[in-house]
Amino acid sequence: MPRVPALAETETARLVRSAQTGDREAFAELYQRFARMVHGVVLARIARTEVDDVVQDVFATALERLGSLREPAAFGGWLAAIARHRALDRGRRTTPTEALADHMAATRGGDPVEALAVLDAIRSLPEAYSETLVLRLVEGMTGAEIAERTGLTPASVRVNLHRGMKLLREKLT
Amino acid sequence: MSDYLWDKRGEADPEIERLERTLQAFAQAEPPPPLDLRARPRIQRVPRRRAVLLLAASVALVAGGLSLVLVVRRPEPGWPVTTAQGRSTLPVGQWFETGAGDRARVEVADIGTITVEPGARLRLLSTRAGHHRMEFARGTMHATIWAPPNQFFVETPSTLAVDLGCAYTLTVNEDGGGLLTVLVGWVGFTTGDRESFIPAGFAAVTRPGIGPGTPYSERTSEAYRQALARLDFNPGGADVERALSLVLDESEERDEVTLWHLLTRVPDADRGRVFDRLASFVPPPTGVTRDGIQAGDRRMLDAWWDSLGLGTTSLWRTWSQQWKDNSYRR
C-alpha cells in the first residue's frame, strides 16, 4: 500500500534537520504538526487532567534529545515513543483518579459520564488498538494521518482501527 | 472496514459519528496551547562567538612564541549512577552491584534510564553514539529507553535483549535464566537463531543453553504458561501433546503473537493445528497457505505477522540483521 503522505514526510524531515541546527521556528512548526498525535498517545494512557502537562514535557524532552535522532524521517515514531514513555512515567507516579467528569462538565458539551465510560472502554483494549482509536475517534485524525504522524504503516493502522473498533463495539453493547 | 472509519469519507457510520461527538471534549485544543520551554533544557551548541575567540587566542599564543600543548580532556566513557550514597560514574568494563536494601538509577548515556533493584549485578560493556551495551548477570532492572530501535543491548547469561524503543522489566535468576516483561513498545530477545519478539503486555522466559521462550500475554493462566514452558524447554517430554492442546484450547484473539511464534517452534506435524487456531483469529493474508506455513516458508510467516498490526517484519528483519552483525562488535 503506498504511503500517502510522502510529501509531508519530506517536509517533516526538513523541519527536523532545521530544528537540529537550533531553528526554534522549525521546532515550533513540528509542535503544531505533532501536538495532536502526542496528545492522543498520552490520553490513551493517563488521566485527562495530566495530559497537557505531559504533552509539554514530551516536546521539551524531544527538543533536548533531538540531536540524537539520526534519521529525521523517523521523527514521528521517535516522538510517539517518547510520549508513551512519559505517559508511563506519569502513570507510575500518580493515581489515575479521574476527577475528569467535573473537569469536562466545566468545559465543552456532551455527556461527561458517557464520554468517560467510552474512554475507559477504549483504554481497556490492547495498547495498539486503544492508541489508534483515541487518535481517530478523539483527535479526529484520519488513518493516513495516524500512520504519517506515528510512523506506523498504513496497513498496521488499518488493522488496528478495524480490530479495535470491533472490540470496542463488543464492549459497548 | 468502512471508508468512514479510515478517512471520514463515504457513507457515515452512525455509531462512529456518535462516538466522535461523545469524545470530542477530550481532544487537543486547536490550535494547541503555546509551547512553554522556558524552564526546559536546550540543545547544546557551541556558540560561534566563543569559537572565534578561542581560535584568536590560540593564534596569539603561537605568534607570541609560546610552546603550548593543549590537552583536551574528554570525560571517561561511562554512565552516571545515583544511589542513596550519592552519584558516581560506572566506567566501561567495571562491575556494579546493589546491596540487599539498595536501589540505583543508571543513566544510559543520553538515551534512557535503568532502575536497578536490590541484589543486582551489572557491567557496562560499551557506550558510544548509537550503540550502548551492558551485561546483566543477576537481579531485576527496569529500563526506559527513548532512543530509536536497536541502540541498547543487554546481555544476560542466556540471551540478548535488544531494545526496539520501549520500557521493560528484566529479571535474571542465579541460574542464568530469566523473565522479560514489556510495558511499552517492543523488545527483541535472541540467542543464536532463536528469537522472540515481545510486544507491550507480553512477557517471555529465557533459559540457559536454550534461549528465549515463546512470548505470552500477561493475562494468560498459570497452566497456559507452564504448558508453553514444556513446549519451549522440554520439547521431547511425554506430555508435549497435552501441553499443545491446552495452549491451543485456551488461546484467545489476544494470543495471536504466541500462536505466531509457535508456528516455527512446534514439530512439523503439529504446525497445521497451530495454523488452524491462528487462522481462526487472524485469517492468513492472500498468498499465505497452510502448506507454505507447514513448510516453514519465511516469506509467508512474515506476511502473516504483518497482518497482526504490530509493525512490519521488514523493520524487524533489518534490526535483527544489524544486531547480529554487531553482536561481538563492542
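This is a predicted model: local features need pLDDT of at least 70, side-chain atom pairs count only at pLDDT 80 or more; totals for chains, interfaces and linings use all residues.
**Stop 1: chain A**

Select chain A and colour by secondary structure. How many helices and strands are there in chain A? Count nine helices and zero strands. Read along the sequence, the pattern is α-α-α-α-α-α-α-α-α. Chain A has 173 residues, and 49% of them are buried. Now think about contacts between residues at least 6 apart in the sequence of chain A. Of these, 69% join residues at least 24 apart.

**Stop 2: two helices that cross**

Stay in chain A. Select α7(A), residues 127-138, and α9(A), residues 154-172. Their axes lie 8 Å apart, and the helices pack at an angle of about 95°. That angle makes α7(A) roughly perpendicular to α9(A).

Next, show the side chains where the two helices meet. On α7(A), pick A128(A), Y129(A), S130(A), T132(A), L133(A) and R136(A). On α9(A), their counterparts include V157(A), N160(A), L161(A) and R163(A).

**Stop 3: a hairpin in chain B**

Move to chain B. Select β1(B), residues 78-83, and β2(B), residues 86-91. These strands run antiparallel, and six bridges join them. Together they form a hairpin, with two residues between the strands. Click on V81(B), then look across to β2(B): the bridge partner is S88(B).

**Stop 4**

Select α2(B), residues 14-23. Which residues of α2(B) are buried? They are L19(B), T22(B) and L23(B). A helix has 3.6 residues a turn, so residues three or four places apart point the same way. Now turn the helix around. On the other side of α2(B), P14(B) and E17(B) are exposed.

**Stop 5: where the chains touch**

Show both chains together. The contact takes 58 residues from chain A and 46 residues from chain B. On chain B, α1 (3-7), α2 (14-23) and β11 (178-184) each supply at least two residues to the side that touches chain A. Which element gives the most to that side? It is α2(B), the helix from the last stop, with five residues. Finally, colour this side of chain B by residue type: 24 residues are nonpolar, 12 are polar and 10 are charged.

Definitions and conventions. Residues are numbered from 1 along each chain as its sequence is written. Chains are lettered from A and ligands numbered from 1 in the order in which they are written. Two residues are in contact if their C-beta atoms, placed from the backbone, lie within 7 Å. Helices (H or I, at least four residues) and strands (E, at least two) are DSSP runs, numbered from the N terminus. Ala, Val, Leu, Ile, Met, Phe, Trp, Tyr, Cys and Pro count as nonpolar, Asp, Glu, Lys and Arg as charged, and the others, Gly among them, as polar. Two strands pair if DSSP finds at least two bridges between them. A residue is buried if 20 or more other C-beta atoms lie within 10 Å of its own, exposed if 12 or fewer, and partly exposed in between; C-beta atoms are placed from the backbone. Axes are lines fitted to C-alpha atoms, for helices over the stretch in contact, and angles run from 0 to 180 degrees between N-to-C directions. Angles under 35 degrees count as roughly parallel, over 145 as roughly antiparallel, 65 to 115 as roughly perpendicular and the rest as oblique.
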